[in-house]
Amino acid sequence: MVKWTEDDGAVTAYKRLLPRKLLLVLATLLVVATVAGSFLPGEIKRLLGTEPYDPLSHHIGFVHRMYHFGTFGPMALVLLLLAYSARTELKAVLFVSGLGFLIEITQHLIGLSLVFEWWDVRDDLYAVSGAFFVVRVANVIAAHDYREISDQRTAASSKLNRISPEQCRHERHQFLDQ
């Protein structure tokens with residue numbers, strides 16, 4: 001299991017706000033619920049408010065599309081928050097995207113869907129891409145803030161190195177006299 005360290009730098013600094021164990025449990029629940037929910041019988045899916053694809057009308061319901069965004073987006077976001085590098089972020093994106101593809105192909109092969117629903121894969125990819133975009137923007141912002149803080153620390157330490165011991169004592173006395 002990966003543990004955060006101080007050397008992880010800015011890219012993962014904001015990711016340490018939530019406990020990793022909580023994110024791992026949440027990720028597991030999201031994956032299991034998504035897979036289980038994807039293979040529910042059509043009657044139960046209708047009760048949940050989502051309609052399977054109708055080959056006669058070629059209609060894809062709005063609620064059905066929102067289910068794809070509402071399941072694959074958060075799943076990708078949680079897995080991206082668990083990622084500790086750009087490489088593991090890419091692995092998370094590929095995992096969630098691949099899971100969406102495998103679910104759709106399996107639904108078709110076992111007869112739950114009359115056709116391969118490529119538009120569902122498209123919606124899954126939109127959701128995963130959105131989560132990835134949010135995390136990448138957060139990484140850029142965190143890296144910028146990290147560089148600013150680092151530059152301030154460097155400037156402060158170089159200033160301290162230029163002060164003579166007498167100046168340091170003088171400034172300390174002035175500070176204490178206030």
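Trainee: Okay, what am I looking at here, and how many helices and strands does the protein chain have?

Mentor: It's a predicted model, to start with. The protein chain has six helices and zero strands, so the pattern along the sequence reads α-α-α-α-α-α.

Trainee: And how much of the chain is buried?

Mentor: Of its 178 residues, 29% count as buried. The chain exposes about 11900 Å², with carbon and sulfur atoms supplying 67% of that.

Trainee: What about contacts, what share joins residues at least 24 apart?

Mentor: That's 68%, counting contacts between residues at least 6 apart in sequence.

Trainee: Let's go inside. Which residues of the largest nonpolar core touch the most other members?

Mentor: Phe72, Met75, Leu79, Leu80, Val96 and Val128, out of 20 residues in that core. Helices α1, α3, α4 and α5 (118–162) each put in at least two residues, and α3 gives the largest share, with eight. As a general point, nonpolar side chains tend to be buried together in soluble globular proteins.

Trainee: Pick one of those. What does leucine 79 touch?

Mentor: Leaving out residues up to four places away in sequence, Leu79 touches Ala27, Ala92, Phe95 and Val96.

Trainee: Switching topic: where is histidine 68, and is it buried or exposed?

Mentor: His68 sits in helix α3. It counts as buried because its relative accessibility is 9%, and the cut-off for buried is under 20%.

Trainee: So which residues does histidine 68 touch?

Mentor: Setting aside residues up to four places away in sequence, they are Gly73, Glu104, Asp120, Asp123, Asp124 and Ala127. Take Asp123: it is 55 residues from His68 along the chain, yet their C-alpha atoms are separated by 6.2 Å.

Trainee: Nice. Now pockets: what volume does the largest pocket have?

Mentor: About 620 Å³.

Trainee: And which residues lie nearest its centre?

Mentor: Gly37, Ser38, Lys45, His64 and Gln107, from a lining of 30 residues.

Trainee: Which helices supply that lining, and what classes of residue are in it?

Mentor: α1 (20–38), α2 (42–47), α3 (62–82) and α4 (86–109) each supply at least two residues of the lining. By class, there are 12 nonpolar, 11 polar and seven charged residues.

Trainee: Remind me, which helices turn up in both the core and the pocket lining?

Mentor: With at least two residues in each, α1, α3 and α4 are in the core and also in the pocket lining.

How values were computed:
Residues are numbered from 1 along each chain as its sequence is written. This is a predicted model: local features need pLDDT of at least 70, side-chain atom pairs count only at pLDDT 80 or more; totals for chains, interfaces and linings use all residues. Side-chain values use heavy atoms; hydrogens and water are left out. On a 1 Å grid over the protein atoms alone, a cavity is a set of points where a 1.4 Å probe fits but cannot get out, and a pocket is an open set with protein on both sides within 12 Å along at least five of seven lines; lining residues have an atom within 4 Å of a point. Grid points are joined across faces, edges and corners, and a volume is the space filled by probe spheres set on the points. Helices (H or I, at least four residues) and strands (E, at least two) are DSSP runs, numbered from the N terminus. Ala, Val, Leu, Ile, Met, Phe, Trp, Tyr, Cys and Pro count as nonpolar, Asp, Glu, Lys and Arg as charged, and the others, Gly among them, as polar. Buried means under 20% relative accessible area, exposed over 50%, partly exposed in between (1.4 Å probe, protein chains only). Contact means heavy atoms within 4.5 Å. Accessible areas come from the Shrake-Rupley method with a 1.4 Å probe; for residues, only the protein chains shown count as cover. A nonpolar core is a set of buried Ala, Val, Leu, Ile, Met, Phe, Trp, Tyr and Cys residues joined through side-chain atoms within 4.5 Å.
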